[in-house]
Amino acid sequence: MNDTKIRGAEIVIKSLVAEKVTTLFGYPGGAIMPVYDALYDYIDQVNHVLTRHEQGAIHAAQGFARVSGKVGVCMVTSGPGATNLITGLADALIDSTPLVCITGQVASHLLGTDAFQETDVVGFSMPGTKWNIQVRRVEDIAPAISKGFYIARSGRPGPVLIDITKDAQFALGEFNYTPTFKVRSYKPFPQVSHSMVAKAAELINSAKKPFVLYGQGVLMAQAEEELKAFLEKTGTPAACTLLGSGSLSEDHSLYVGKLGMHGNFAPNILTNQCDVLIAVGMRFDDRVTGDLSRYARQAKVIHLELDPVEINKNVKADVPVLGDCKESLSLLIEKVQPNSHQEWLDEFLQLENEEKAAVVSRDLTPTKTGLTMGEVVRYVNEFKDDDAVLVTDVGQHQMIAWRYFAFKSSRTQVTSGGLGTMGFGLPAALGAQLHDLSRQVICVVGDGGIQMTVQELGTIMQTKAPVKIILLNNNFLGMVRQWQQMFFDKRYSFTELENPDFIKIAEAYKIKSSKVEQREDLSEAVADMLLHDGPYFLEVVVAKEDNVFPMITTGCSVDEIRLS
Amino acid sequence: MKKFTISVFTENFIGILNRITIIFTRRGINISGITASESREDGIYRLTIEVTTTDEQIVQLVNQLERIIDVIKAFYYEDDQVVFQEIALYKLPVSSLDPGLEKVIRQYSARIISAEKDFVVIEMTGHKEDTQELLSILKKFNIMEFARSGRVAVSKPMQTLDQYLQ
């Protein structure tokens, strides 16, 4: 009987294999050593990526999850290893990214005694996880992992943390893996109400100026085709949130732009002129709505949403349609009448032209000295693959890259949306790239953010992940500087940086690099980078004090969006 | 702002109370009373939580409570939708026992549940106003200690938990 028993540590690895985990990001340490020891016998089945910091591991797992739709997995030790995950957990929770994080814990008899590298990570991570658990007995390991994967990926996805004591990792137990399909207290997929769908269809059928806002929920439900079919049948213009980008190709005639603070002019203004607002898989974040008391008050609101908490949280829904939007959109498509709204669509085009004249041409084809971030993205679009993934950090470069990158297919964007985590970009790009080495992954970062997780260049060097890194260097914490300029009398309090020689850093990590300071060199540099077989680091020195527009300033309404 | 009673039915899972209170903390809502007990169903626990908040907030709070994986169901009620009680204990020195005190005890349907050499403990079950009123009277009798539970409540609507337990 005893010969069938294996250590808890090996049960951890066999459970991951049973969940078809092929890539794992992590960092070893005392309390997780038994699992790392067990992993040594499974390296042909699980590709473990050693990052340079636990924060790098979790952001990489997030990048992996976001492009693949699978659960991202990371594994770290107790104490500081575990607390270094916290930012990533909070980021994954607010952006609904499925993760399973395994943390080592001190032996159970030491719990609560301030043992070396003991920390209450279950307590720490409670507000930052969808679910977490501490496992102290070997027989509970496989069930916890099984339940964790199910919870992470089902319903509205999110991060799960499983803390395993060292004695449970050493103890012997039987390996018996049963996938979880149900948890009694957890209802991940509310049933779509047919009567609500009928009410929604009625509103849509009588609408003169319907408008669709789509978010990441469309990607998560894999409802891209349903969204497109619905839009085409009803002739409804559609705009995306930050995380919804890519659900619909931007080439589509009904695509009218991006929502929110630095989104496009037309969809923001016309949010306050539509008669029926159809929100699909989005949560009316404050960066999308601006002043709520003046947001789409004239419109009837239909909200297709999986998470009951989001209904009426920020914007009151006249017709809430709870449930998976793939299902509710399919039902809606049957009930809506074919329609077209050309005049309404023309209103979008007219405002789009205003934005082009005032902002876009200045960003993309500037004539003054000083490179713009926008023109860098323009060349990226020229040479990139259609399914290239854009990974960004947080700040001005993030907004500019999002605004101008040509999103043509699904799951082509990875960014920290809800939490706004600087330092997210580089490790997330690594994770996205390791999901599929053949896919182009373009990581756009600023000089502030890259220095928060720059050590992950080491992981890129070691894995040879062919990430294309574009550093847009303005020697400033640009977004904060922009706000200081606009709202704090240009008092540039601690936003100017004295930067290292980034090219030397890239060279130290044996990553091919180049630096562009002149406009005439840009096109070739971007083309060379994208053609290079392997990781590449391109530094572009951009204008120091450029601003991102359009902009809805805090406290303003969406239709008060500024072009300058 | 209104007073609400929230009934939360949960699995018996370590840390569940912590997860629940985090939701109140985040929105800055004070829990004015809380009790925990078993429910009719084996292995399912019920928490009764009293809060003062708005109609809008209470809906969001309860939705967020239900989103917790190990919460089976959460309901909220106004006072007229629940039958509820609280228990209060009053500790007094034996020297305070006199006919006046006995009269008060009878008047409030309270009772002495423990008599020791130096002190007696009086128990009263009722609503907060009643137990509070008795407290103010007992201050004249040199009360030494007072404790009151959070409310326990059962709902008036004829709904049961069974339908949420498939």
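Which residues in α11(A) meet which residues in α14(A)? The structure is a predicted model, in which local features need pLDDT of at least 70 and side-chain atom pairs count only at pLDDT 80 or more, while totals for chains, interfaces and linings use all residues. Residues are numbered from 1 along each chain as its sequence is written, and chains are lettered from A and ligands numbered from 1 in the order in which they are written.

On the side of α11(A), E226(A), L227(A), A229(A), F230(A) and K233(A) take part, and they meet K326(A), L329(A), S330(A), L332(A) and I333(A) of α14(A); contact requires C-beta atoms, placed from the backbone, to lie within 7 Å. By class, this contact has six nonpolar, one polar and three charged residues. Ala, Val, Leu, Ile, Met, Phe, Trp, Tyr, Cys and Pro count as nonpolar, Asp, Glu, Lys and Arg as charged, and the others, Gly among them, as polar.

Helices are DSSP runs (H or I, at least four residues), as are strands (E, at least two), numbered from the N terminus. Helix α11 of chain A spans residues 224-234 and helix α14 of chain A residues 325-335; their axes lie 9 Å apart at an angle of about 25°. Axes are lines fitted to C-alpha atoms, for helices over the stretch in contact, and angles run from 0 to 180 degrees between N-to-C directions. The two helices α11(A) and α14(A) are therefore roughly parallel, a term for angles under 35 degrees.

Between the chains, 14 residues of chain B are in contact with 14 residues of chain A. Among the elements of chain B, α2(B) gives the most to the side that touches chain A, with four residues.

How values were computed
Parallel < 35°, antiparallel > 145°, perpendicular 65-115°, else oblique. Contact = placed C-beta atoms within 7 Å.
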